[in-house]
Amino acid sequence: MVSEQLVDLSRLQFAATALYHFLFVPLTIGMVWMLVIMESVYVMTGKPLYKDMTRFWGKLFGINFALGVTTGITLEFQFGTNWAYYSHYVGDIFGAPLAIEGLMAFFLESTMIGLFFFGWDRLSRRQHLLVTVLMAVGTNLSALWILIANGWMQNPVGAEFSYVTMRMEMTDFWAVVFNPDAQAKFVHTVSAGYVTGAMFVLSISSWYLLRRRDVEFAKRSFGIAAAFGFASVCSVIVLGDESGYTVGEAQQTKLAAMEAMWETEPAPAPFNLIAIPNEAEMKNDFAIEIPWVMGLIGTRSLDKQIPGIKEIKARNRERIVSGIEAVTALDALRRDQNDEAARREFEAHKADLGFGLLLKKYVSHFDQLTPGIIEKAVNDTVPRVAPMFWSFRLMVALGFAMLLLFGLALWHSVKGDFADKPWLLRAALYSLPMPWIACEVGWFVAEYGRQPWTIYGVLPTHLSVSTLSVESLYGSLAGFVGFYTVLLVVEMYLMIKFAKQGPGSLGTGRYANEAHA
Amino acid sequence: MLDYESLKLIWWLLVGVLLVGFAIMDGHDMGVGTLLPFVGKDDTERRVVINTVGPHWDGNQVWFITGGGAIFAAWPLVYATAFSGFYWAMLAVLWALFFRPVGFDYRSKISNPTWRKTWDWGLFIGGAVPPLIFGVAFGNLFQGVPFSFDDHLVSTYSGSFWALLNPFALLCGMVSTAMITFHGAIYLVHRTQGEIQWRALRAAGFFGGLMVLSFVAAGVWLWMGIPGYVIQSAVDGAALPNPLAKTVVREAGAWFANYRAYPATLLLPALGVAGVFAAQALARSGRSMAAFWASALAIVGVIGTAGAALFPFIMPSSLDPRASLTVWDSVSSQLTLNIMLWATLIFMPIIILYTGWAYRVMGGKVTAAYVRENSHSAY
């Protein structure tokens, strides 16, 4: 049996490396489109100011991109190094979108980024704009394929288990690609990236305006960021992840946990604005409810019910009991593939195989099973409520705060008086960390909320790890965190240095703080 | 849909193509990184060297990423078993690679000499360590790797990181480091002039010689001292993959069985050696573009030599030979192999097209004058 410490450390390492990676990704995804907008205006009007904007914001984009690449390399290989059984068990499906991401998207993005930085003097204006657009398309396609892979972890469609190869195998590629969960995730995640890019430009431009330097440059940048940011934040909220929540059971479980919804309420269910979840007694000690709202956002209907935690656990208990038969029959089939009785038994319970595997966390042989162990496994099937409940609310609160900020920014940008509104500029400056916090918390909700599974209903997390020593994990975890932290400090230093210096760093002779050759 | 057996063979070739593509494309910028502290004597010279690959290293690195993804999709058991087994070796590769994006992009953004020298050595590590470890890994594949599977195909690796660093494996590491550095030197000859070009030419002389010598020595050692693996049971190429369903034995000289059965494959090692000499001659006579392609052919020869010797094995197990991973039994389903084949056939030509365009746009010699004129935008 796999030690719990190994599983916890493997999860921690994945979480740490993925969260570091996602400090850089959303800014790349969002800023690349702002560069497209700025450069398009340049190509249309021929005004050098817009070329300078593209190049200066591009410079900051590049500093961020370097660490996005650095931290991204790890993620392509970490499934193999630390999640070996996962890689074997679902590689037939999960590997394909990762490989296609490389072929279709990442090559394009990475080749074009070289030309974006070095090609200004060697390409015509239109050619260079084309390069920037292709870089943006590559970046976003990259997000699409990664989220197709991640969406499949939440809602594993188009695949079936084979007892001969002892793994999941793809049966329908297009079902994997058009997985509604993946599509909802894609829209939500790239929109969050657009908000991040817009906030970055809005905040730094506000800082220049507060100091009354590079005013023309900052005003134009602020205007573009306000409009782009407002559209994006509306998209994040309206086309939120929630549109996918009724699709699969993983999302239903997640929804119940993050809403602290213990009972199945009559439709349309109320929304718990604030609650104090009591895990032990499976109830809320205190709650402020808004009637109907949960049912409306969760199901987009007035009559569909959303299952509560107690109902979900009851359903899962039945599946675990049936899963015991599936695992037992599978073991017999692994010993003798011609065992007809075992094959029939397996086919009958195959759908619950993953639920049976949940018990392997506690026993390696099912003759040691007790009702207490089954009860433990049932309780495992719903993630802990309090962390889900509060992190989801934090994310939503940040989303609405940013909606307000971008709304005001756009309003005053249309009126043309934002440069004289220090309160607005200061609010924009101090809001800089908001999209990053919202993104990180959002990923926490998505991934912690899927526990105890790596692939919902198919493969439990504790079976997914590589059989490494705990010492190895301590070593690699320390290495990753140490290395990334040093690089992050270096990155922040450069980012702040160049943001402070401003467009003068281009050495064009048109701005404050000119760089010297 | 193609039949399963053909798909398995095609994917062995395609993984080979991706590996070779990685070695040729990312290889030349890694070689440049390894040579950076030695062929560039002052800061301007080093910036010249870095800017020969400045616009391209990022795109080239995707060969590595895509190679990883393709092995995941086409050979999931290999991806799982090799990367978890070679855990610390893999981490060393990743951590060495961390130096590259930041080294390239951050180095010239601050003019402090200590800062710049630090990143120069970072780029050296990022260029020298990965090829060394990949070579060592290949050396271990020939000797067999101590891993086994249980009934549910959970793999356990019973070796240590230090055991990977045995003499034969280190010799293979020397072959691959010399090959990549040689390739980088030839590329520098093509993209620079004057002093730097002259130093690169000398480096090409040295590393080309080292590559040929170590390559031949590794071949002789393999012939004399390292028994190969043979599948004893009948092979059904169309069967559903199950690595535990065969019997395998170790046999002296078995790594040369394919060369005996198909003498045409001997062209591969010959290409490995001839490519080096041709590249050196062409570089000396000023035809540096042709020299680059000759050096690329040498890479095809060397990697092809290893692949042809190992076939059909990918990763033999020294602990439980029947668990050895082969092209027949560590692959994805027929459907996935088929889809991935189409994705590769569609996108690979497009990738080659726009990569070629990018090199054309940024072509020509990189000079000290270029670096001075673009000191705020160049690396």
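I take a polar contact as a pair of N or O atoms within 3.5 Å; within protein, one must be able to donate a hydrogen and the other to accept it, and residues adjacent in sequence count only if both atoms are side-chain atoms. On that basis I counted 20 residue pairs in polar contact between chain A and chain B, both residues at pLDDT 80 or more.

The model is predicted, so I note that local features need pLDDT of at least 70 and side-chain atom pairs count only at pLDDT 80 or more, while totals for chains, interfaces and linings use all residues. Residues are numbered from 1 along each chain as its sequence is written, chains are lettered from A in the order in which they are written, and side-chain values use heavy atoms, without hydrogens or water.

**Interface**

I looked up the contact (heavy atoms within 4.5 Å) and found 87 residues from chain A and 75 residues from chain B. The two chains bury about 7000 Å² between them, 73% of it on carbon and sulfur atoms; buried area is the accessible area (1.4 Å probe) that two parts lose on being put together, summed over both. A:Phe77, A:Phe107 and A:Phe118 supply 12% of what chain A buries against chain B, more than any other three residues.

I then searched for salt bridges (a side-chain nitrogen of Lys or Arg within 4 Å of a carboxyl oxygen of Asp or Glu). Between chain A and chain B the count is zero.

**Salt bridges elsewhere**

A:Glu263 pairs with A:Lys310 at 2.6 Å between the closest N and O atoms. A:Glu263 sits in the loop between α8 (249–258) and β3 (271–278), and A:Lys310 in helix α10 (residues 309–335), 47 residues apart. Helices (H or I, at least four residues) and strands (E, at least two) are DSSP runs, numbered from the N terminus.

A:Arg317 forms a salt bridge with A:Glu375, the closest N and O atoms being 2.5 Å apart. A:Arg317 lies in α10 of chain A and A:Glu375 in α13 (residues 371–380), so this pair ties together parts 58 residues apart in sequence. I checked exposure, with buried under 20% relative accessible area, exposed over 50% and partly exposed in between (1.4 Å probe, protein chains only). A:Arg317 is partly exposed at 32%, and A:Glu375 is partly exposed at 33%.

Within helix α11 (residues 340–349) of chain A, A:Glu340 and A:Arg343 are three residues apart, about one turn of the helix. Their side chains meet in a salt bridge of 3.3 Å, N to O.
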